[in-house]
Amino acid sequence: MDSFAFIIHPISPKRDVSRKFPFLGRVLNEKQINFFSTFFPPVYISEIEGIRSEATGKTIKGWFIACPLTPARMLELPEKWVYRKIIQTGRMAEKLGAQVLGLGAFTSVIGDAGATIANALDIPVTTGDSYTVSIALQAVKDAAQEMNIPLENATAAVVGANGAIGQVCAEMLAESVQELILIGRRPDALDALKGRLQTAFPGCRIRTSTEMNDIRHAQLILTVTSAIDQIIHPEHLQPGSVICDVARPRDVSTRVAEARDDVLVIDGGMVDIPGPVDFHFDFGFPPKKAYACMAETIALTLDGRFEDYTIGKQIRPQQVVEITKIADKHGLRLSGFRSFEKPVSEAQIAHVRARATSTRQAKR
Ligand SMILES: NC(=O)c1ccc[n+]([C@@H]2O[C@H](COP(=O)([O-])OP(=O)(O)OC[C@H]3O[C@@H](n4cnc5c(N)ncnc54)[C@H](OP(=O)(O)O)[C@@H]3O)[C@@H](O)[C@H]2O)c1
């Protein structure tokens, strides 16, 4: 049976360590978990069974394995050290017999986005970023429709536009919207991206900014930074806007959920997986649903595509289109909206629309 492995790691240290080691999660504080994660070996998490292609009936299996490092640790430690730990985790995938390895969350962000890891391992590797882009864009477009925001008249913003996922999201959004704001920390890189996109999409007005306040000009926001702290707060958002948070750890402050019932915040990247799937591990999603980056590894395995797929910081739109076709064929789909890990109902969306209208009227 064809098989894959997927590397996860603790993102919210106490909560995520508790999922596998309830005792350690209870007795250690966040600082201690960050510290000990440096010395902990890779951890076998679970076997994944029941994934079945809708097109071919092919069934595959997989494994979750964990790199113990937290995002904070991955950013603090020397890059070589972090690579070594991820490669060590990848060796566990090889021993299990996996034919392809997916890199979850920060294991795909660090350094050259999988290239060093792919070179070191004997099995192919993918970051899952191509399908993450596909699902994020689908979610933004669906949410825009729900909120009655016509794309062709919309101003969109991409936060983290200089990043691997951000760049290609910006490129693919520029085709559809009237105005695009590229938000990032490095003005030179933003200008270079703007130049490239403005030439390719003369019908879209493109601006750059290093100020988070500028997202208040956008009705549609896709945020995908590698910040370890929450960087988008209630005062940054205009009433009626949609914000899709693809980043893990998340970019949007939990205060937005409390203070702004006139904006629609959706979690980027949840996908329905075909077949009687059992992950044998609770990573915080409802049954039979996975992150888009996991879903890319699953789609490649269902298709028998055992090759390095998305590697490096330059993702091409063609890769996004191709992986979407592969995933569609086997029955992987964008799942319903979730916000701060809870499902979003039609009634909630109607409430957001109504609150946005009344806030706008009150402002006038
Ligand atoms: N939901 C999913 O299924 C899924 C899948 C894959 C990845 N992800 C998440 O997606 C995020 C981005 O991944 P990536 O591979 O695109 O990373 P990346 O290539 O490293 O890009 C991240 C970008 O974030 C920017 N950034 C970092 N800290 C910031 C801050 N404090 N304020 C503003 N911008 C900041 C960086 O700016 P500079 O370039 O100026 O340094 C960089 O351009 C990560 O959180 C990752 O975990 C999610």
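## A tour of salt bridges and a helix crossing

At 12% relative accessibility, D267 counts as buried, so select this residue to begin. Keep in mind that the model is a predicted one.

D267 sits in strand 11 (residues 264–267), while R250 belongs to the loop between strand 10 (242–245) and helix 10 (254–259), so the bridge ties together parts 17 residues apart in sequence. R250 counts as buried too, at 13% relative accessibility.

Stay on R250 and bring in E341, whose side chain forms a salt bridge with R250 (3.9 Å, N to O). This pair links distant parts of the chain, 91 residues apart, with E341 in the loop between strand 15 (338–339) and strand 16 (342–343). E341 is partly exposed, at 30% relative accessible area. Show R15 as well, and you have a network of salt bridges linking R15, R250, D267 and E341.

Next, select D282 and R19, another salt-bridge pair, with the closest N and O atoms 3.9 Å apart. D282 lies in the loop between strand 12 (270–272) and strand 13 (289–291), and R19 in helix 1 (residues 13–20), 263 residues away. D282 is partly exposed at 48%, as is R19 at 26%. The structure holds 17 salt bridges.

For the last stop, display helix 11 (residues 292–302) and helix 12 (residues 317–330), whose axes come within 9 Å and cross at roughly 70°. That makes the two helices roughly perpendicular. Show side chains E296, A299, L300 and L302 of helix 11, which meet I323, I326, A327 and H330 of helix 12. By class, this contact has six nonpolar, one polar and one charged residues.

Terms used. Residues are numbered from 1 along each chain as its sequence is written. This is a predicted model: local features need pLDDT of at least 70, side-chain atom pairs count only at pLDDT 80 or more; totals for chains, interfaces and linings use all residues. Side-chain values use heavy atoms; hydrogens and water are left out. Axes are lines fitted to C-alpha atoms, for helices over the stretch in contact, and angles run from 0 to 180 degrees between N-to-C directions. Helices (H or I, at least four residues) and strands (E, at least two) are DSSP runs, numbered from the N terminus. Angles under 35 degrees count as roughly parallel, over 145 as roughly antiparallel, 65 to 115 as roughly perpendicular and the rest as oblique. Contact means heavy atoms within 4.5 Å. Ala, Val, Leu, Ile, Met, Phe, Trp, Tyr, Cys and Pro count as nonpolar, Asp, Glu, Lys and Arg as charged, and the others, Gly among them, as polar. A salt bridge is a side-chain nitrogen of Lys or Arg within 4 Å of a carboxyl oxygen of Asp or Glu. Buried means under 20% relative accessible area, exposed over 50%, partly exposed in between (1.4 Å probe, protein chains only).
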